[in-house]
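Colleague: Hey, could you walk me through this one? I'm new to it.

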Amino acid sequence: MEAEIARNFRRWDAIQELARFLHAGVRYQDDVFAVEWVCDGVPARVETSVDGMSARFAWFPPVRLRIIPETLAARVRRFFGAQDIVLGDEVFDPRFLVQGAPEELARKVLGPPMRAAILRLAGMTLDRRTGPSVEIGAG
């Protein structure tokens, strides 16, 4: 119980920090904290719940990017030939399987500030199926 309360406070702190950065407000409903804003004319939403954290943008980016927490399933995927973009980050690379196309653009999107943010957010959320997780999507 104490761990769950602590995790909720960390989620609240993280979403408040994001809202301040974006000059946006925080909404709370059904155990989901959410921040909605417009990014370069594109509606965007970040939400965090007990199941994980997700960011969704209402457009389709020129890059396909998938970041999967390092789990047994990810190791099996890699064993059978799944793409894994190695970024050269000794903290990030062992924790995530990264897939994307074009690879150069995926590397650019996952620069040091983005990797640091993903690591921080992954430590604050827990997906019951996969463990710590962050999902970034479009559409």
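**Salt bridges and cores**

Modeller: Glutamate 36 is partly exposed, at 37% relative accessible area (buried is under 20%, exposed over 50%, partly exposed in between, with a 1.4 Å probe and protein chains only). This is a predicted model, where local features need pLDDT of at least 70, side-chain atom pairs count only at pLDDT 80 or more, and totals for chains, interfaces and linings use all residues. Residues are numbered from 1 along each chain as its sequence is written, and side-chain values use heavy atoms, leaving out hydrogens and water.

Colleague: Which side chain does glutamate 36 meet in a salt bridge?

Modeller: Arginine 27, at 3.2 Å, N to O. A salt bridge here is a side-chain nitrogen of Lys or Arg within 4 Å of a carboxyl oxygen of Asp or Glu. Arginine 27 counts as exposed, at 52%.

Colleague: How many salt bridges in the whole structure?

Modeller: Five. One of them pairs aspartate 89 with arginine 115 at 2.8 Å, N to O.

Colleague: Are aspartate 89 and arginine 115 buried or exposed?

Modeller: Both are buried. Elsewhere, shared partners link Arg27, Glu36, Arg45 and Glu47 into one salt-bridge network.

Colleague: Switching topic: what makes up the largest nonpolar core?

Modeller: Ten residues, including Ile67, Leu87, Phe96 and Leu119. Such a core is a set of buried Ala, Val, Leu, Ile, Met, Phe, Trp, Tyr and Cys residues joined through side-chain atoms within 4.5 Å.

Colleague: And what does leucine 87 touch?

Modeller: Leaving aside residues up to four places away in sequence, its contacts (heavy atoms within 4.5 Å) include Phe92, Val98 and Arg115.
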